Amino acid sequence: MSVLIKNGRIVTAAEDYISDLFIEDGKISAIGKDLPYKAEKEIDASGKLVFPGGIDPHVHLEMPFMGTFSSDDYETGTRAALFGGTTTVIDFILQTQGDTLHNALKTWQEKSKGKAVGDYSYHMAVTDFNDSVAEEVVEFIEEEGITSFKTFMAYKGALMIDDGQMINLMKVVKENGGLVTVHATNGDVIDSLVAKNLSEGNTAPLYHYLSQPEVTEAEASARFTDMLHYTGCPGYIVHMTCEGAMNAVRRAAMRNQKVFVETCPQYLLVDASVYENGFESSKWVMSPPIREKKDQEALWAGIQQGLINSIGTDHCPFKWDQKLMGKDDFSKIPNGHPAIEHRMELIYSEGVKKGRISLNKYVELTATNPAKIFGMYPKKGTIAVGSDADVVIFDPNKKHTISKDSHHMNVDFSNYEGWEVTGKTETVLLRGNVAIENGECHAEPGSGQFVKRDKTSYVI
Ligand code: URP
Ligand code: ZN
Ligand code: ZN
């Protein structure tokens, strides 16, 4: 199929200009003013922004977690992502402790097969490192196109690895051109605070927040970056929330380390007062928890200073009856919230419209840097001749209200219920096919493709 997008304002991480885009065979094949081509479909993008499709580097689809599964699967999750202008997501495969990485890969391939509506890739979460897993790590990088390895410094007994395993994983990943990513919080300290709070009869969601003070994230982020420094491995810290953790990265940057950082909309936009609402607050039970206003400021500053490189969602939705599993014990509330659909619109509205970041920075954070860091650039993450035609046509002025009644995620509440945002994803092309138009999804389950990734680019 060929598509001609006329007169759009094309925004990449580096450029901003009005032009036409000609798309053929799934790729961008020409960019220029008044292109003299005929196409099967023509779209007038006058007055609209034209971005590269968003890349969400942090989602959990149908993930087994805390005795249940996150409620969006590959079909509902990637479709909701498309509605919001995200054309590619990176999900997490979880190794079962005592089992192989390849068995976990097969399980996740079954989850996505025939279901994905948008494009996707996987990070491999290593929860049990040993010599045979080390060999699998090399195979994943060389043969599977899975080049990022997630680690957890918390969730002991299920996902957490110890520092010895961490260092040995870093050594093999460094030697083979991959990247170690981390959930950086001190699991032992958190577990002891959880136990203390429960023993004192403190069972409300507020105590989830009080059991994970800033120091637990600051300490783990510093330990992780120190281990990266010792091994020479590049790293990526997911869902950073706070000033103390930012300071650890600042110190690593002063040593000229390759440490990339992701934050998420919720940590930029919401503060810990959300935990003062009884059990309603369980919709904000996630790890790390929402922090203070001063941390929001620190994160926006970190973006300006180039210390934060990407914005993911950590989309991990649970329906209300799943949240109720922790009605009498905050430690049993499944951690996570729905967000995959609203990342692009929230950050545009709260970031670009409110003058906190430029349009170029917006594209860099939501598409270009995730593509570069995770080995998908320039196939994904930009608008350039030869790139996949993953394109978002965005109305910069359209106001709309977020609600569970209109969202497409498989969850019966919205954390942003009633939020009015300015800017709306109007049309989305995935590899040149019209996926979203006039509020409808035209992409079928199974049309999303697995993206084999290259070795990590250590500079962005
Ligand atoms: O609360 C969260 N973040 N749930 C998903 C798992 C994780 O830690 O990313
Ligand atoms: Zn996490
Ligand atoms: Zn996560």
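For the counts by class below, Ala, Val, Leu, Ile, Met, Phe, Trp, Tyr, Cys and Pro go down as nonpolar, Asp, Glu, Lys and Arg as charged, and the others, Gly among them, as polar. What you're looking at is a predicted model, where local features need pLDDT of at least 70, side-chain atom pairs count only at pLDDT 80 or more, and totals for chains, interfaces and linings use all residues. Residues are numbered from 1 along each chain as its sequence is written, chains are lettered from A and ligands numbered from 1 in the order in which they are written, and side-chain values use heavy atoms, with hydrogens and water left out.

View 1. Phe 65 sits in strand β7, residues 64–65 (strands are DSSP E runs of at least two residues, helices H or I runs of at least four, both numbered from the N terminus). Phe 65 counts as buried because its relative accessibility is 9% (buried means under 20% relative accessible area, with a 1.4 Å probe and protein chains only). Leaving aside residues up to four places away in sequence, Phe 65 touches Tyr 155, Leu 159, Phe 318 and Asn 335 (contact means heavy atoms within 4.5 Å).

**View 2. The largest pocket.** This pocket holds about 600 Å³ of space. A pocket is an open set of points on a 1 Å grid over the protein atoms alone, with protein on both sides within 12 Å along at least five of seven lines; a cavity is a set where a 1.4 Å probe fits but cannot get out, and lining residues have an atom within 4 Å of a point. Of its 31 lining residues, Phe 65, Met 66, Tyr 155, Lys 156 and Ala 158 are the closest to the centre. Strand β7 gives two or more residues to this lining, as do α2 (101–112) and α5 (187–199). By class, the lining has 13 nonpolar, 15 polar and 3 charged residues.

**View 3. The second largest pocket.** Here there's about 360 Å³ of space. The 26 lining residues include Phe 83, Glu 345, Lys 424, Thr 425 and Gly 439, the closest to the centre. β4 (41–44), β16 (391–401), β17 (420–430) and β18 (433–437) each give two or more residues. The lining splits into 6 nonpolar, 12 polar and 8 charged residues.

**View 4. The cavity.** The structure has 1 cavity of 30 Å³ or more, and the largest cavity has about 120 Å³ of space. Of its 17 lining residues, His 60, Phe 65, Tyr 155, Ser 287 and Asp 314 are the closest to the centre. That lining has 8 nonpolar, 7 polar and 2 charged residues.

How values were computed: Buried means under 20% relative accessible area, exposed over 50%, partly exposed in between (1.4 Å probe, protein chains only). Grid points are joined across faces, edges and corners, and a volume is the space filled by probe spheres set on the points.
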